Amino acid sequence: MATLLHLNVSPRGDRSTSRRAGEIVRAQMSAQHGPLVVIERDLAANPLPPIGAAFTDANLAVAAKREVADPSALALSESLIAELEAADIVLITTPMHNFTLPASLKTWIDLVVRPERTFAGTPQGKQGLLRDRAVLAVVSCGGRFSDDAASQKDFFTPYLKYVLGTIGLARVEVMRLESMTRGPDHVARAYDNLRAWCDTAVPALLA
């Protein structure tokens with residue numbers, strides 16, 4: 001039985017379009033691949049603390065391969081990394097905030113992406129230390145994306161793929177749900193597109 005790590009990011013609870021999208025994806029995953037063991041990490045209901053001096057100092061000590069004076073400063077980070085290491089699949093359901101990641105998701109990344117723990121510095125550049133696994137990110141966006149001047153830019157997708165690739169997660173697929181603040185017709189169309197995407201992307205990534 002596969003283990004799914006599900007990161008829910010939206011603070012809007014039952015009104016969240018990305019949380020509804022997560023329900024759709026999980027239902028289709030189960031239908032295609034059977035029951036899943038699910039690790040739930042709700043970054044809105046249980047927000048992570050901001051990066052502080054104690055974590056930074058301990059993280060730098062690990063990077064320099066020195067003895068860590070305060071291992072407790074890394075306890076939360078180690079817990080988050082353990083959840084990631086236990087997962088066969090990662091599902092991220094999130095809004096896009098100001099063209100990129102919400103702060104809560106960025107904090108999770110800052111606690112997980114650590115030198116000499118999840119990546120190593122080498123003469124060839126950073127090398128991921130985690131086993132590769134499928135990552136599905138479903139991003140709810142109020143605006144639309146195209147080549148015309150009125151559309152918005154997506155800084156979310158390239159950053160997420162690059163930073164997760166740094167720690168060894170190369171199989172990252174991002175599905176944007178566009179125009180989600182422009183009425184029920186746009187929302188219904190986005191969910192239809194999501195279901196069609198699941199039919200193709202999920203089997204390919206989980207093969």
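Predicted model: local features only at pLDDT ≥ 70, side-chain atom pairs only at ≥ 80, totals over all residues.
I started with Glu 178, which at 25% relative accessibility counts as partly exposed. My cut-offs, with a 1.4 Å probe and protein chains only: buried is under 20% relative accessible area, exposed is over 50%, and partly exposed is in between.

Residues are numbered from 1 along each chain as its sequence is written, and side-chain values use heavy atoms, with hydrogens and water left out.

**Glu 178, continued**

I found Glu 178 in the loop between strand E7 (172–177) and helix H6 (184–205). Helices (H or I, at least four residues) and strands (E, at least two) are DSSP runs numbered from the N terminus. Contact here means heavy atoms within 4.5 Å. Setting aside neighbours within four places in sequence, I get Cys 141, Gly 143, Arg 144, Phe 145 and Ala 190 in contact with Glu 178. The side chain of Glu 178 also makes a polar contact of 3.2 Å with that of Arg 176. For that I need a pair of N or O atoms within 3.5 Å; within protein, one must be able to donate a hydrogen and the other to accept it, and residues adjacent in sequence count only if both atoms are side-chain atoms. I also checked Leu 130, 48 residues away along the chain: its C-alpha is 32 Å from that of Glu 178.

**Cysteines**

Cys 141 turned up among the contacts of Glu 178, so I looked for disulfides (cysteine sulfur pairs within 2.5 Å). The structure holds zero. Cys 141 is buried, at a relative accessible area of 1%, and Cys 198 is buried at 0%.

**H3 against H4**

Next I looked at helix H3 (residues 75–86) and helix H4 (residues 103–112), whose axes come within 8 Å and cross at roughly 95°. Axes are lines fitted to C-alpha atoms, for helices over the stretch in contact, and angles run from 0 to 180 degrees between N-to-C directions. I therefore put H3 and H4 down as roughly perpendicular; that label covers 65 to 115 degrees, with under 35 roughly parallel, over 145 roughly antiparallel and the rest oblique. From H3, Leu 76, Ser 77, Leu 80, Ile 81 and Leu 84 meet Trp 108, Leu 111 and Val 112 of H4.

In H4 I have Leu 105, Thr 107, Trp 108, Ile 109, Leu 111 and Val 112 as buried. The buried residues of H4 pack against strand E1 (3–8), H2, H3, E3 and helix H5 (156–166).

**Asn 59 in H2**

Asn 59 lies in helix H2 and is buried, with a relative accessible area of 13%. Not counting residues up to four places away in sequence, Asn 59 touches Leu 74, Arg 114 and Pro 115.

**Positive phi**

Most residues other than glycine have a negative phi. Lys 65 has a positive one of about 60°; this lysine lies in the loop between helix H2 (53–63) and H3 and is exposed at 66%. Phe 99 has a positive phi of about 80°. I placed Phe 99 in the loop between strand E3 (89–95) and H4, partly exposed at 41% relative accessibility.
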